[in-house]
Amino acid sequence: MSLPRSTVQSLLASQELDRDVLVKGWVRSRRGNKYVQFIIVNDGSTLHTIQAVANAELFPEESLKDVANGAAVAIWGRLVASQGKGQAVEIQAAEITVLGKADPETYPLQKKATSLEFLREIAHLRPRTNTFGAVLRIRHALAFAVHQYFNDHGFFYVHTPIITGSDAEGAGQMFRVTTLPPEHPPRTAAGAVDYSQDFFGKQTNLTVSGQLEGELAAMALGSIYTFGPTFRAENSNTARHLAEFWMIEPEVAFNELEENMDLAEDFLRYLVRYALERCADDLQFLNDQYDKDLLGRLRSVVENDFQRLTYTEAVEILKSAKQKFEFPVDWGTDLQSEHERYLVEKHFEKPVILTNYPKEIKAFYMKLDDDGRTVRAMDVLFPGIGEIIGGSQREEDYAKLTARMAEMHVPADELDWYLDTRRFGTAPHAGFGLGFERLVLFVTGMGNIRDVIPFPRYPKNAAF
RNA sequence: GCUUCCUUAGCUCAGCCGGUUAGAGCAUCUGACUGUUAAUCAGAGGGUCCCUGGUUCGAGCCCAGGAGGGAGCGCCA
């Protein structure tokens with residue numbers, strides 16, 4: 001019996017019946033009587049399961065004792081049209097081997113649905129559930145689509161460093177990377193920790209963004225993107241933040257804000273369309289189980305243009321809104337979640353791109369508008385998610401950039417390498433950052449970002 | 001970090017005004033059933049009521065502190 005293993009997905013789609021097959025997977029359920037037993041198997045290749053039928057002449061009930069929920073099994077048999085009603089095909093089992101037992105008394109997953117909070121505590125086993133199988137397959141498809149899109153559009157994938165020697169990237173608190181002994185680190189004469197004796201001879205951190213390095217690459221290769229892990233040591237306790245997450249950051253030389261928005265919109269639409277086309281079963285399952293509006297919302301994103309408006313226009317809309325807000329709206333302050341939600345979910349009822357924010361509330365590298373008050377920033381806001389993309393046209397003028405850095409107390413000496421792009425052959429360029437988990441959150445309709453990454457990292461939690 | 005809610009069987013939860021031996025559904029185990037579809041039916045086992053301290057004749061229930069979890073807010077992607 002040296003039959004190659006077939007996936008459940010390929011067997012369910014097979015037109016070729018009455019042939020010998022081998023399937024390997026994990027038992028989801030076994031039921032029946034002393035004459036016939038039905039074994040339901042999933043192997044992760046698809047949301048769906050295949051049913052193996054074990055007749056008592058070949059398999060007395062005692063012999064199937066270990067074929068319990070959660071056990072890994074190999075089943076040889078004949079792929080046949082099902083006699084039952086719930087499925088088109090099934091396997092008439094000839095031989096069943098238990099590859100790995102799962103004690104029903106202690107196996108934490110049961111046939112019945114359970115809470116996402118409980119599954120978060122057993123994140124090492126939750127991929128075996130329908131929900132997380134679906135989420136992880138969709139996550140894969142979206143990651144693949146990211147590379148597909150950029151490759152098709154002439155972008156180069158650039159690997160920016162995970163460990164960074166700069167702590168001035170301006171995107172939040174960083175995790176320190178060091179090999180110095182925490183109890184007795186070497187000290188300088190002045191008593192400070194002597195990082196010159198550390199592994200890299202200086203203070204190093206985990207990256208909070210690959211953008212600055214991405215800009216360097218874009219100023220040579222033209223169109224680039226990064227797609228890698230990113231770390232923020234911020235005490236953010238929300239359903240939309242992680243301490244470790246994956247970020248996609250395209251950067252394009254010669255692009256200005258308008259083209260940056262075009263790229264963001266086309267890119268997001270492509271990703272959502274890709275998932276709708278490739279992950280129909282998984283999305284249908286999530287739609288039915290969690291969010292009846294999911295598929296409609298995804299189609300609406302694919303079919304409708306995003307609403308573009310400036311920060312100033314948004315403030316005017318919010319000020320004349322009938323709705324009362326907890327926080328007042330005032331030009332110059334950043335918009336609150338409730339304001340963004342109003343614009344996206346109530347006023348426009350579609351994704352919104354907000355541009356030209358006051359310079360005071362945005363990063364130092366964003367290009368100053370001619371009025372000197374606003375910068376060429378853009379935030380893409382999605383229903384239920386909030387900010388899914390943050391980006392800008394970058395300040396390419398050396399004098400203006402260094403002036404902004406001085407105003408915002410960004411140490412220019414540490415970013416001298418970055419300033420070289422403005423010294424030598426500077427040019428307009430623009431880019432943005434897309435939080436990959438926020439994209440997966442939107443596409444799957446999950447409510448908590450901790451449920452769209454296999455092993456979530458957040459304050460007080462680094463299990464597994 | 002702030003606000004607020006929650007923590008009772010493996011899971012999801014109920015538990016009245018503080019009062020005898022803490023309950024249900026599902027799961028598990030045993031049995032029944034000739035093709036089941038989250039199979040069904042019958043029975044059984046299963047509890048540190050999150051922890052610590054307090055009030056009380058008596059605490060799952062009231063009080064204080066702590067731990068863990070959810071939701072919202074802030075920071076942002």
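Which residue forms a salt bridge with Asp-291, and how far apart are the closest N and O atoms? The partner is Arg-297, and the closest N and O atoms sit 2.7 Å apart. More on that pair below, after a look at the whole chain.

## Ground rules

This is a predicted model, where local features need pLDDT of at least 70 and side-chain atom pairs count only at pLDDT 80 or more, while totals for chains, interfaces and linings use all residues. Residues are numbered from 1 along each chain as its sequence is written, chains are lettered from A and ligands numbered from 1 in the order in which they are written, and side-chain values use heavy atoms, with hydrogens and water left out.

## The chain as a whole

Chain A has 464 residues, and 52% of them count as buried; buried means under 20% relative accessible area, exposed means over 50%, and partly exposed is in between (1.4 Å probe, protein chains only). The C-alpha trace spans about 85 × 60 × 45 Å along its principal axes. Chain A exposes about 22500 Å², with carbon and sulfur atoms supplying 50% of it; accessible areas come from the Shrake-Rupley method with a 1.4 Å probe, and for residues only the protein chains shown count as cover.

On secondary structure, chain A comes to 12 helices and 17 strands. These are DSSP runs numbered from the N terminus: helices are H or I with at least four residues, strands are E with at least two. Among contacts (heavy atoms within 4.5 Å) with a separation of 6 or more, 67% involve residues 24 or more positions apart.

## Two domains

Chain A splits into domain 1 (8-100) and domain 2 (126-173 + 208-451), with bounds from an automatic or database domain assignment. Their centres, taken over C-alpha atoms, are 46 Å apart.

Where the two meet, 8 residues of domain 1 are in contact with 7 residues of domain 2. About 610 Å² is buried between them, and carbon and sulfur atoms give 40% of that; buried area is the accessible area (1.4 Å probe) that two parts lose on being put together, summed over both.

## Salt bridges

The chain's count comes to 25 salt bridges, each being a side-chain nitrogen of Lys or Arg within 4 Å of a carboxyl oxygen of Asp or Glu. Back to the opening pair: Asp-291 is buried at 15% relative accessible area, whereas Arg-297 is partly exposed at 26%.

Glu-258 pairs with Arg-308, with the closest N and O atoms 3.5 Å apart. Glu-258 lies in helix H5 (residues 257-278) and Arg-308 in strand E13 (residues 307-310), so this pair ties together parts that are 50 residues apart in sequence. Glu-258 is partly exposed at 49%, and Arg-308 is partly exposed at 28%. Both belong to a network of salt bridges that also links Asp-262, Glu-265, Arg-269 and Asp-305.

Then there's Asp-420 with Arg-423, whose closest N and O atoms are 2.7 Å apart. The two are 3 residues apart in helix H11 (residues 416-423), so about one helical turn separates them. Asp-420 is partly exposed at 29%, and so is Arg-423 at 34%.

## A nonpolar patch

Ile-162, Ile-163, Phe-199 and Phe-200 form a nonpolar patch on the surface, with about 390 Å² of accessible area together. Patches are made of residues with over 30% relative accessible area and no salt bridge, joining like charges within 9 Å and nonpolar side chains (Val, Leu, Ile, Met, Phe, Trp, Tyr) within 5 Å. Phe-199 sits in the loop between strand E9 (176-177) and strand E10 (204-206), and counts as exposed at 61% relative accessibility.
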